[in-house]
Amino acid sequence: MSHKAHCLILPYPIQGHINPMLQFSKRLQSKNVKITIAATKFFLQTMQELSTPVSIEAISDGYDDGGIYQAESFAAYITRFKEVGSDTMSQLIETLTTRGYPVNCIVYDPFLPWAVEVAKKYGLACAAFFTQSCAVDNIYYHVHKGVLKLPPTEVDEEISIPGLVTIESSDVPSFVSTPESARALEMLVNQFSNLEKIDWVLINSFYELEKEVTDWMSKLYPIKTIGPTIPSVYLDKRLPDDKEYGLSIFKPMTNECLNWLNHQPISSVVYVSFGSLTKLEPEQMEELAWGLKNSNKNFLWVVRSTEESKLPKNFLEELKLASENKGLVVSWCPQLQVLEHKSVGCFLTHCGWNSTLEAISLGVPMVAMPQWSDQPTNAKLVEDVWEMGVKAKQDEKGLVRREVIEECIRIVMEEEKGKMIKENTKKWKELARNAVDEGGSSDRNIEEFVSKLLTISY
Ligand code: UDP
């Protein structure tokens, strides 16, 4: 196939950022755009599956043997990534040109704003790809502008930000509310540092979900919502049955999960996952384990191998011995296949943005148990704005107790409020599908992006 445009995609090398950018890349490729993903050498080494139809080329973050884990500090990682990354991206652009595939646009993760300088050096078009919600981006924008100054003086201080519902200080991303996260916040705020020089700001969300905030942000930047970036087969049943989901750091226990789910009654299972990075306090893990067990519901719980030692003593053994097969603990699962399974009735989630969008797109009611980063804001929206779930309240130690977990699961799966939530999930699922369907808001934005790319193509 001869391509008319070539995008070089630069993700920040973590699971939750690579996934949406890869899915977006696949959509662009289906519209006849050539794609090359620039991935760090260390990320490529850690990959479990490399089954993806798009080309991947290596660049370096300066830490080829350990990535961020090898760096002395987060600040050192970001600084070295800028230096070495700029050089190796430049080399890659030159190599691709020599091979006969000149690049004409860089789509970069705004965690790596130096990519704009690389694009400018070669006269390329440039798009930032925000992997978080528009609401969260708006909060970071207001910190960037110096309008939002935290930490709060009161625990539940109310915060008004244009385009957003009133939130409390506990709903803002943890990097804003906790002074210890100054370095991470600096990176998040720096996402806006080069935006006035670029052509598009792409956001992994959809217009109908975040209308007001998208309209408000669009006055500042050339915003295009292009999500949800989940494989189209999950949104459109007419497509061939291709469940491939691309690059994963962890190995999913596919058959074990799906076989087990196949034997559970419809809508009976609580699916529990805290994503790829979040670590729970041992005490929280214990409360969660007993909360799930006491809920008396069937549960499928993803406990990454690095978290397993925090499970209560004998918990796994007792689960296996139980006469009824109430719970299954796995180290990683094919989450989209799990969420779309008819046995799953509730998703107990940390509210990472990908997980939240996946639950919205597949219509699964949520119990939100946010821990850090953007999760508190997402949880607030899930509960109060989209009314797709309930948020589990933390105690003064910041822990969610077993009784609270049990109660939240009961509300979502049994009570009248749960029925209302279920109705709302149907509505949002439909809107998510419409957005990416032909002629939908995200599809139109992608089409516009591609047509513009073609006008500046080689
Ligand atoms: N995920 C998965 N299997 C699991 C747990 C998570 O495939 O067992 C995927 C999930 O579908 C999502 C990503 O990992 O796409 C997690 O991203 P999210 O933004 O929700 O959380 P993060 O890992 O960034 O905290």
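The structure is a predicted model, in which local features need pLDDT of at least 70 and side-chain atom pairs count only at pLDDT 80 or more, while totals for chains, interfaces and linings use all residues. Residues are numbered from 1 along each chain as its sequence is written.

**Domains**

- The chain is divided into domain 1 (5-247 + 435-455) and domain 2 (250-432), with bounds that come from an automatic or database domain assignment.
- The centres of the two domains, taken over C-alpha atoms, are separated by 26 Å.
- Across the boundary, 30 residues of domain 1 are in contact with 29 residues of domain 2; two residues are in contact if their C-beta atoms, placed from the backbone, lie within 7 Å.
- On the side of domain 1 that touches domain 2, helix H1 (15-30), H5 and helix H6 (174-177) each supply at least two residues.
- H1 gives the largest share of that side, four residues.
- Helices (H or I, at least four residues) are DSSP runs, numbered from the N terminus.

**Nonpolar core**

- The largest nonpolar core has 130 residues, and Cys105, Ile106, Leu300 and Val367 have the most contacts inside it.
- Helix H5 (residues 134-144) contributes the largest share of this core, seven residues.
- Because domain 1 and domain 2 both give residues to this core, it lies between them.
- Such a core is a set of buried Ala, Val, Leu, Ile, Met, Phe, Trp, Tyr and Cys residues joined through C-beta atoms within 7 Å; a residue is buried if 20 or more other C-beta atoms lie within 10 Å of its own, with C-beta atoms placed from the backbone.
- Leaving aside neighbours within four places in sequence, Cys105 is in contact with residues including Ala5, Cys7, Leu124 and Leu453.

**Helix pairs**

- The axes of H5 and helix H8 (residues 211-218) come within 9 Å and cross at roughly 45°, which makes H5 oblique to H8.
- Axes are lines fitted to C-alpha atoms, for helices over the stretch in contact, and angles run from 0 to 180 degrees between N-to-C directions.
- Angles under 35 degrees count as roughly parallel, over 145 as roughly antiparallel, 65 to 115 as roughly perpendicular and the rest as oblique.
- Cys134, Ala135, Asp137 and Asn138 in H5 meet Val213, Thr214, Trp216 and Met217 in H8.
- The axes of helix H10 (residues 282-295) and helix H15 (residues 402-414) come within 8 Å and cross at roughly 45°, which makes H10 oblique to H15.

Definitions and conventions: A residue is buried if 20 or more other C-beta atoms lie within 10 Å of its own, exposed if 12 or fewer, and partly exposed in between; C-beta atoms are placed from the backbone.
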